[in-house]
Amino acid sequence: MTIIKLLLIAIPILITLTSCQTGEPAPIVGTPAVTRTQSARGAEQASPETALVYAEIENAPRAFPILYRTTATPHGMHEPAEGAYIGAWLSPETPMRIFENQVSLHHAIYTHEMQLSEEIPITWLLHCIAMQATPLIIITPDETPHEDIHPTQMIIYQAQRLGSFNLPMFIAFFPPEFIGNISPTEYTIMFRFARSVFSSHAPLASFVWTAPYFDATPQNPFYPGHDAVDWVALSLLATRDHEGEKSDIFSQLEIFYHHFQSHKPIMLLPLGISHFSRGDYTYRTHETAAEIRQVYDTLRSFPRIGAVIYADNLTLSPESWNDFSISAEPILLAAYHEAIAHPHFLSILETNAAAATRWTRSKNQGYYWEGRIYISAQTLSNELNIPLPRQSTEINNHHFAEARHLSGLNITACQDQHVIFIDGHLD
């Protein structure tokens with residue numbers, strides 16, 4: 001059975017903040033206008049009531065995500081110290097070795113789906129071993145339950161069989177969209193039972209909870225609890241509608257990420273960017289190639305995303321038949337190769353990674369403009385427990401502190417990655 005899933009920074013080039021002339025900064029208001037009304041120096045000399053109005057022009061203030069250092073929470077099983085594993089979910093007709101020859105890069109993880117009572121895919125596992133790749137097995141409930149074998153017996157059997165290989169692996173157990181009429185209580189009991197059994201018989205298996213469409217938060221009644229989950233996973237599929245417009249995947253990711261980044265490593269299972277759909281029967285390979293590069297670049301600013309599994313599979317969304325595959329399109333293969341070639345993306349599993357600190361992504365954005373960095377007051381007060389300095393700047397009706405007025409913090413902006421880094425004041 002092919003799974004139908006609509007569920008859903010490493011080595012940055014840091015640009016050192018240079019000192020700026022002193023002066024009373026004016027508010028910056030992001031309302032559209034044809035031209036700026038003042039130069040930057042004119043803004044410095046303006047009164048606080050005077051607004052610097054800017055348009056969507058090249059040197060307008062740019063919103064950057066903010067990453068700040070915090071004391072590291074315990075790493076999840078097989079979580080990398082930094083970066084994200086690259087993985088692939090291939091169609092059955094695409095051998096791993098052929099795929100890697102096409103993309104010219106080794107992948108850390110490959111994915112297989114099976115029903116609970118199916119036999120272990122021995123040949124596929126052996127291919128993973130030969131490729132020095134880590135298996136990710138998605139186990140779904142049986143379509144037709146066995147009358148003579150209880151699911152708990154099958155869980156024990158499969159844990160013993162998989163444990164006999166003594167391999168690090170990931171188990172995405174019973175994605176909630178497959179559970180039918182099972183209640184949240186029944187589901188969480190079954191998940192926690194499976195986690196306990198695998199801990200005994202397959203201790204190298206890292207358990208993955210895949211988020212459902214609705215309420216993908218730790219408060220979801222189907223979430224088994226932090227103690228029973230090693231990773232959380234979100235399906236991130238950029239489909240196209242009848243006009244060919246691509247769905248916004250990052251708005252969903254932002255919400256999910258901020259709910260779980262302090263608790264668990266996050267896996268994108270899978271990531272897919274459609275270059276064709278039956279909505280308008282138009283191929284958009286060049287546009288999608290640019291989007292692939294952009295998406296992987298943006299993912300580098302989500303430091304707790306520890307694995308990205310790309311969907312090179314034609315049948316993930318048969319209702320609209322969005323084609324996420326890359327292996328049949330040389331333009332997409334080249335873009336994918338370029339995107340994952342960055343050192344942030346890892347080809348080998350790390351089994352004993354640890355770190356004293358980690359980067360946390362702020363819920364609020366900062367701004368970078370004409371060599372100056374602006375930090376959200378909400379980031380300072382609510383996340384870093386730092387009071388807003390007396391001199392502040394207003395941007396889009398929100399208060400910001402200019403980095404030069406914040407002592408004791410090492411604040412830099414990476415223009416290549418479009419990220420602001422704050423180092424210091426650890427929690």
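**Close-up views of a predicted model**

**View 1. The pocket beside helix H7.** H7 gives the largest share of the lining of the largest pocket, five residues. Helices (H or I, at least four residues) and strands (E, at least two) are DSSP runs, numbered from the N terminus. The volume of this pocket comes to about 470 Å³, and 21 residues line it, with Phe-250, Gln-294, Asp-297, Thr-298 and Ser-301 nearest its centre. Two or more lining residues come from each of helix H6 (249-260), H7 and strand S13 (357-369). Sorted by class, the lining has six nonpolar, seven polar and eight charged residues. Here Ala, Val, Leu, Ile, Met, Phe, Trp, Tyr, Cys and Pro are nonpolar, Asp, Glu, Lys and Arg are charged, and the others, Gly among them, are polar. A pocket is an open set of points on a 1 Å grid over the protein atoms alone, where a 1.4 Å probe fits, with protein on both sides within 12 Å along at least five of seven lines; lining residues have an atom within 4 Å of a point. Grid points are joined across faces, edges and corners, and the volume is the space filled by probe spheres set on them.

**How to read the views.** This is a predicted model, in which local features need pLDDT of at least 70 and side-chain atom pairs count only at pLDDT 80 or more, while totals for chains, interfaces and linings use all residues. Residues are numbered from 1 along each chain as its sequence is written, and side-chain values use heavy atoms, with hydrogens and water left out.

**View 2. Glu-291, a residue of H7.** Glu-291 sits in helix H7 and counts as buried because its relative accessibility is 10%. Buried means under 20% relative accessible area, exposed over 50%, and partly exposed in between (1.4 Å probe, protein chains only). Beyond its neighbours within four places in sequence, Glu-291 is in contact (heavy atoms within 4.5 Å) with Arg-240, Lys-246 and Ile-273.

**View 3. The buried side of helix H8.** In H8 (residues 330-340), the buried residues are Leu-332, Leu-333, Ala-335, Tyr-336, Ala-339 and Ile-340. They lie on the same side of H8 because they cover an arc of only 165° around the axis, taken from the directions from the helix axis to the C-beta atoms. Their cover includes strand S4 (84-90), helix H2 (96-103), helix H7 (285-299), strand S11 (305-312) and strand S12 (345-346).

**View 4. Pro-92, out in a loop.** You'll find Pro-92 in the loop between S4 and H2, and at 75% relative accessibility it counts as exposed.
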